[in-house]
Amino acid sequence: MMMMVLLMVVLVLEDDLAELASQQYFVDYGSEMILERLLNLVPTYIPDREITPLRTLEKWAQLAIAAHKKGIYAQRRTDAQKVKEDVVNYARFKWPLLFSRFYEAYKFSGPSLPKNDVIVAVNWTGVYFVDEQEQVLLELSFPEIMAVSSSRGAKLVAPSFTLATIKGDEYTFTSSNAEDIRDLVVTFLEGLRKRSKYVVALQDNPSPAGEESGFLSFAKGDLIILDHDTGEQVMNSGWANGINERTKQRGDFPTDCVYVMPTVTMPPREIVALVTMTPDQRQDVIRLLQLRTAEPEVRAKPYTLEEFSYDYFRPPPKHTLSRVMVSKARGKDRLWSHTREPLKQALLKKILGSEELSQEACMAFIAMLKYMGDYPSKRMRSVNELTDQIFEGALKAEPLKDEVYVQILKQLTDNHIRYSEERGWELLWLCTGLFPPSNILLPHVQRFLQSRKHCPLAIDCLQRLQKALRNGSRKYPPHLVEVEAIQHKTTQIFHKVYFPDDTDEAFEVESSTKAKDFCQNIAARLLLKSSEGFSLFVKIADKVISVPENDFFFDFVRHLTDWIKKARPVKDGIVPSLTYQVFFMKKLWTTTVPGKDPMADSIFHYYQELPKYLRGYHKCTREEVLQLGALIYRAKFEEDKSYFPSIPKLLRELVPQDLIRQISPDDWKRSIVAYFNKHAGKSKEDAKLAFLKLIFKWPTFGSAFFEVKQTTEPNFPEILLIAINKYGVSLIDPRTKDILTTHPFTKISNWSSGNTYFHITIGNLVRGSKLLCETSLGYKMDDLLTSYISQMLTAMSKQRSSRSGK
């Protein structure tokens with residue numbers, strides 16, 4: 001715990017210092033005073049500044065001896081322990097501030113103090129706020145403190161604590177020790193209330209049966225002194241007995257209409273009067289009484305952008321004096337407050353200089369009014385049409401981000417229309433997931449949210465804001481899935497992900513989730529040893545596209561669906577419904593070794609390599625084909641031999657398609673069964689691993705294969721099979737499966753792709769050779785080549801760094 005020691009100038013009377021010196025001597029050496037010893041000890045007993053030519057060592061020794069002779073402890077032969085207690089009690093009453101626990105803090109909000117950087121001192125008399133010169137800036141005795149609460153804060157928001165006083169003031173301070181301060185003050189308040197003998201009447205209570213009834217009558221604000229009970233009994237029982245300090249009458253009274261003062265001494269009359277000064281304060285007291293200080297909490301007054309508006313909003317329109325008075329009463333010129341009228345200008349001064357941005361801001365505000373139901377809109381709209389209009393401009397122009405934030409906060413301030421307010425919170429939730437405000441506006445947005453923690457979405461908005469600060473801004477407006485989620489009152493979005501083994505699982509995806517984070521979450525859930533080399537793929541229409549690891553997941557899907565929509569014209573005014581699926585698969589096989597990650601082998605490697613093998617892309621021997629056929633059967637059916645008769649019909653699932661006709665179906669069956677019997681007892685997982693270990697020996701293991709048409713290399717077949725793998729780009733004869741050549745990544749200088757082609761340059765751009773290919777999968781080849789080369793460059797950079805670091 002951070003504690004500051006205050007070096008205070010202590011003013012002590014001469015007699016008191018002499019008394020303390022004699023007591024210290026008694027503790028150290030007993031009741032017998034020896035002058036010579038005392039003279040040697042005086043410099044350690046008396047502060048240096050008090051030893052002067054007028055008050056010499058000898059003078060102080062004489063004063064100490066005189067104090068010793070008068071001391072009760074010396075006459076009654078008091079033991080040293082009692083003297084120590086007396087010294088501590090003297091100091092506790094004399095210098096209460098030195099008997100404090102000290103904390104550093106910063107005043108965040110509340111009535112002004114001479115300084116905002118303060119030291120908080122909590123002791124048995126109350127809570128003090130002092131500066132570095134030890135000047136007391138604010139002193140609150142415990143009877144003056146109505147409640148205390150603390151907030152833990154988020155990653156970029158410091159923890160804070162709030163003190164509510166009996167005067168109705170609220171002070172909020174940020175401090176890394178906010179919870180410690182809260183707990184300490186609560187401990188004092190609870191302890192004092194339990195031991196208290198003083199309660200204040202919160203309402204009138206005339207005696208129902210006259211003065212002789214035994215019931216105590218009192219008026220609101222009367223101080224009642226408990227007779228035999230204590231505050232603890234008052235807070236835990238229905239009745240108590242006490243004396244009305246004003247009328248001096250004694251009697252029983254109901255405890256639910258009194259407030260227990262946190263004090264063991266008679267509270268000042270003015271403090272008692274403040275308890276019931278106004279209805280608002282009375283309600284606070286009743287609320288506090290109900291909480292019984294078990295978990296004191298004060299709800300901060302809702303924060304608004306009023307203060308921010310003075311410096312950063314455009315000035316309100318000019319009116320005559322009488323008009324201003326009327327406007328103020330109705331709140332029409334409060335630009336930071338809710339309205340149902342469209343804006344004619346942007347709210348922020350910085351936007352006004354650009355007519356285009358100002359117009360964009362006004363259009364966004366109209367869309368906001370329509371979304372919140374504050375502006376008539378008869379036309380049926382798609383779910384995210386209005387949210388697109390609200391956020392698109394801000395995502396393209398940085399100044400509009402603050403404008404959108406202040407527009408939403410404005411519409412949530414003094415908004416008494418429940419539906420409108422709920423829809424406004426939906427927009428703020430979406431906004432905090434898209435981008436953060438500027439550093440100037442950020443603290444105001446945070447304070448706005450912190451002061452509305454009772455609102456269901458406020459805490460979630462704060463958390464989303466921190467993630468936006470950490471991960472940066474999105475590029476596209478909210479995806480349909482995000483808008484539908486918050487409109488259905490859910491802040492959790494689950495997305496189904498498909499795997500190569502035909503299984504799928506649902507994973508939570510946030511607005512701030514990037515593809516890399518998503519991959520790591522999936523890998524952790526599936527117990528993979530690493531997510532390295534894996535990627536998310538989105539299948540939409542007839543395309544399967546890899547999601548770049550640093551892209552926001554919803555941004556990528558939004559961009560992809562928009563792109564496909566543009567490519568597909570609208571027919572008869574109907575926009576095509578574009579559903580998509582998300583797959584998680586191994587993309588880069590650079591470090592893949594069968595057996596290294598059993599779960600990855602079982603779920604991904606086997607099921608991704610099997611289809612490529614069966615399509616006949618690899619060159620393999622007859623014996624390897626038979627071994628692999630037996631292993632595939634075992635991975636499918638394990639020890640179940642009942643499917644042996646069906647092997648001739650299952651050959652397309654067991655043997656490469658171009659080899660099936662080499663021998664008869666029965667010969668395939670006989671040979672596969674023979675190899676199957678050699679591996680009796682192998683489990684499905686053993687069979688998968690054995691399959692992978694066998695094909696791992698081939699140079700084409702882990703390849704992505706593409707059939708292309710080429711016309712630039714006369715020595716190569718017109719139809720080529722291109723394999724992209726960890727070794728580079730291999731050109732393969734599709735008939736013989738021979739590798740004609742392999743171009744390592746280090747030799748590839750350039751490549752490009754389009755809807756119908758893929759071009760690659762080997763060697764330098766001047767003398768290099770080009771391979772021009774016709775293919776509809778150029779986008780896949782381009783992405784895969786880019787990813788492998790990027791991975792290679794990253795690995796080389798790490799190696800250089802590690803070598804230079806040695």
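What follows is a short chat about a predicted model.

Reader: What kind of model is this, and what pLDDT do local features need?
Author: This is a predicted model in which local features need pLDDT of at least 70 and side-chain atom pairs count only at pLDDT 80 or more, while totals for chains, interfaces and linings use all residues. Residues are numbered from 1 along each chain as its sequence is written, and side-chain values use heavy atoms, with hydrogens and water left out.

Reader: How many bridges join strand 3 to strand 4?
Author: Five, with strand 3 covering residues 126-130 and the two running antiparallel. V130 stands opposite V136 of strand 4.

Reader: T174, then. Which strand is it in, and is it buried or exposed?
Author: T174 is in strand 7 (residues 170-174). It counts as buried because its relative accessibility is 17%; buried means under 20% relative accessible area, exposed over 50%, and partly exposed in between (1.4 Å probe, protein chains only).

Reader: What is T174 in contact with, leaving aside neighbours within four places in sequence?
Author: A105, Y106, F108, A158, P159 and S160. Contact means heavy atoms within 4.5 Å.

Reader: Changing topic: what makes the nonpolar surface patch?
Author: V88, F93, L98, F99 and W124, giving about 440 Å². Patch residues have over 30% relative accessible area and no salt bridge; nonpolar side chains (Val, Leu, Ile, Met, Phe, Trp, Tyr) are joined within 5 Å, like charges within 9 Å. Areas come from the Shrake-Rupley method with a 1.4 Å probe, and for residues only the protein chains shown count as cover.

Reader: Where is F93 placed?
Author: In helix 5 (residues 80-94). F93 counts as exposed, at 54% relative accessibility.

Reader: How many salt bridges does the structure hold?
Author: 28. A salt bridge is a side-chain nitrogen of Lys or Arg within 4 Å of a carboxyl oxygen of Asp or Glu.

Reader: What does D227 form a salt bridge with?
Author: R250, with the closest N and O atoms 2.3 Å apart. The pair links distant parts of the chain, 23 residues apart: D227 is in the loop between strand 9 (223-226) and helix 7 (231-236), and R250 is in strand 11 (residues 250-254). D227 is partly exposed at 22% relative accessible area, and R250 is partly exposed at 49%.

Reader: And R558 with D562: how far apart are the closest N and O atoms?
Author: 3.2 Å. The two are four residues apart in helix 21 (residues 553-567), so about one helical turn separates them. R558 is buried at 6% relative accessible area, whereas D562 is partly exposed at 23%.

Terms used:
Pairing = 2+ DSSP bridges.
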